[in-house]
Amino acid sequence: ISTAIKSVLGAKQYGLEDTLTRLVASACCSVMPEDPKKFDIDNIRVAKLPGCGNIHNSYVVDGMVTTRDTMGIEKHKKNCKVAVYGCGLEMTGTETQGTVLLESGKQLMDFAKGEEKKMEEFVLSLVDAGVEAVIVGGSIQDIALHFLNKHHILAIKCTSKFEMRRLCRTLGATGIVRLGAPLPDELGYAESIDVEEISSAKVCLRDLFPFAYPVVR
């Protein structure tokens with residue numbers, strides 16, 4: 001593989017072909033199927049971290065890399081079930097405009113507690129399903145993040161629909177578009193999810209097969 005791609009990389013990045021050839025060849029070998037004709041180039045992605053040092057410090061990760069930090073206080077998970085939500089973790093509004101008449105302070109307190117109760121019930125349903133990490137394609141409400149931290153569930157925000165698609169395929173998960181408890185066949189699995197700081201840039205590393213991510217600094 002190195003012999004075949006070195007001349008191609010040398011034409012694009014002259015002087016760096018030796019380093020890039022080693023990275024690309026290592027990534028190709030790690031995701032190569034038994035039948036080379038079924039090789040999928042989408043299984044190799046590049047995560048760029050500008051200003052993080054020398055390109056010779058780049059390396060290959062057997063998994064996926066997200067160039068952003070997790071949302072909550074949880075930073076590390078091992079052998080965990082993952083739920084992937086294509087929507088945001090927030091209370092959706094009604095389709096039509098409505099008016100709520102509050103006649104006392106107690107009613108106002110009860111109204112706020114009702115939203116909190118619904119969100120806590122949702123997070124508890126994740127706990128009952130054995131979910132330890134969630135990947136969200138939208139915004140995460142503060143109250144939702146509070147209960148996720150309370151029950152030690154790692155939360156990752158992913159705004160790219162293409163990356164969400166790759167995550168679902170690699171994790172073996174099904175993207176959920178409703179705010180509810182996931183079914184057993186909708187859950188995915190990850191060997192490990194870790195957050196590392198590389199020259200002040202925090203990135204989320206997920207050890208997943210069959211993806212290979214060259215991290216270019």
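Select Val100, Leu102, Leu108 and Phe111: together they make a nonpolar surface patch of about 360 Å². Patch members have over 30% relative accessible area and no salt bridge, and nonpolar side chains (Val, Leu, Ile, Met, Phe, Trp, Tyr) are joined within 5 Å. A salt bridge is a Lys or Arg side-chain nitrogen within 4 Å of an Asp or Glu carboxyl oxygen. Areas come from the Shrake-Rupley method with a 1.4 Å probe.

The model is predicted: local features need pLDDT of at least 70, side-chain atom pairs count only at pLDDT 80 or more, and totals for chains, interfaces and linings use all residues. Residues are numbered from 1 along each chain, and side-chain values use heavy atoms, without hydrogens or water.

Stay on Leu102. It sits in the loop between β4 (76-85) and α3 (105-128). Helices (H or I, at least four residues) and strands (E, at least two) are DSSP runs, numbered from the N terminus. Leu102 is partly exposed, at 35% relative accessible area; the class lies between buried (under 20%) and exposed (over 50%).

Next, select α1, residues 2-12. Ile5, Leu9 and Gly10 are buried here. They share one side of α1, because their arc around the axis is only 145°, taken from the directions from the helix axis to the C-beta atoms. These buried residues pack against α2 (17-30), where contact means heavy atoms within 4.5 Å.

Finish with the cysteines. The structure holds zero disulfides, a disulfide being two cysteine sulfur atoms within 2.5 Å. From Cys28, the nearest cysteine sulfur is that of Cys29, 6.9 Å away. Cys28 is buried at 12% relative accessibility. Select Cys80: it is buried at 0%.

Definitions and conventions. Buried < 20%, exposed > 50% of the residue type's maximum accessible area, 1.4 Å probe, protein only. Patch = residues over 30% accessible without salt bridge, like charges linked within 9 Å, V, L, I, M, F, W, Y side chains within 5 Å.
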